Amino acid sequence: MTRQRWLALFASFAVATIAPLSATAAEIKVLTAGAMRGIIVALAPEFEKQTGHTLSIKNDTAGGLAKRIGGGEAFEVAVITPAVVDSLITQGKIVAGSRIGLAKVGIGVAVKEGAPAPDISSTDAFKRALLAAKSVAYIDPKAGGSSGIYFDKLLERMGIAEQVRPKARLKQGGYVAELVASGEAELAVHQISEIVPVKGVTLVGPLPADVQNFTTYAAGLGTAASDAAAARALIAHLASPAAQPVLTARGMEKP
């Protein structure tokens, strides 16, 4: 084979292999629980570079996403708690067998940057800190956020619900610690991954081990996904070792 013919054949092969990438590039709509949004945003550029696909990322509380998806909102990939994913599989909204665990995170306490850090080294100390605080911010349990639901029930278990609820500063979604940064609340109780990115606050630490609660997040493939192969590729990327440094930086870990 002459050099010219070899180069012509190589050029034809290159066009044949590269063209399908752009021709089949998809926009993947991702519905994610708030705590995972930052992880997906951080991992998106490399995935988009490798595949040519683009991501459209929308977030809400776990409960909010359950309602939206159950109500018929279109999506390719959902990243929510395993229980919600399983419920949506039962409803026929997520493909059975597509669920894969991505991350887990515990709940922590935050104060305004420069403020004294309360003692939360034990359950009794944590109770005293909550009772002493002028205001406590957390996700409104009615909004469906897993940390807010757990913490509100924890107040009952610790026997201090009647004292703490009247001074609660409830947030419907997003970063609860922003209420501390703005001076609207003295303490914030939220998932650690949702505290770390907020400027103007300090993470005091995780809840004591005997009252800690870990939320696990899992991905699932939408049954009506417009490009199932592209969606599966994204799920594999989110579950790959490349995600570990991003998870660690946000106070999360593999499940």
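Which residues does Thr215 touch, not counting residues up to four places away in sequence? In this predicted model, they are Thr81, Ala103, Lys104, Val105, Ser146 and Gln191.

View 1. Because its relative accessibility is 6%, under the 20% limit, Thr215 counts as buried.

**View 2. The buried residues of helix H3.** In helix H3 (residues 62-70), the buried residues are Ala62, Gly64, Leu65 and Ile69. These residues lie on the same side of H3, because the arc they cover around the axis is only 155 degrees. Their cover includes strands S1 (27-33), S2 (54-60) and S3 (77-80), as well as helix H4 (82-90). After H3 comes Gly72, which has a positive phi near 105 degrees.

**View 3. Val79 in the largest nonpolar core.** This core has 44 residues, and those touching the most other members are Val77, Val79 and Ile80. Helix H2 (residues 34-51) supplies the largest share of the core, namely seven residues. Beyond its neighbours within four places in sequence, Val79 is in contact with residues including Val30, Met36, Ile40, Leu65, Leu102, Tyr217 and Leu238.

**View 4. Another core, apart from the largest one.** This core comprises 23 residues, among them Val111, Tyr150, Phe151 and Leu155.

How values were computed:
Residues numbered from 1 in each chain as written. Predicted model: local features only at pLDDT ≥ 70, side-chain atom pairs only at ≥ 80, totals over all residues. Heavy atoms only, no water. Buried < 20%, exposed > 50% of the residue type's maximum accessible area, 1.4 Å probe, protein only. Contact = heavy atoms within 4.5 Å. Helix = DSSP H or I, 4+ residues; strand = E, 2+ residues; numbered from the N terminus. Arc of directions from axis to C-beta. Core = buried A, V, L, I, M, F, W, Y, C linked by side-chain atoms within 4.5 Å.
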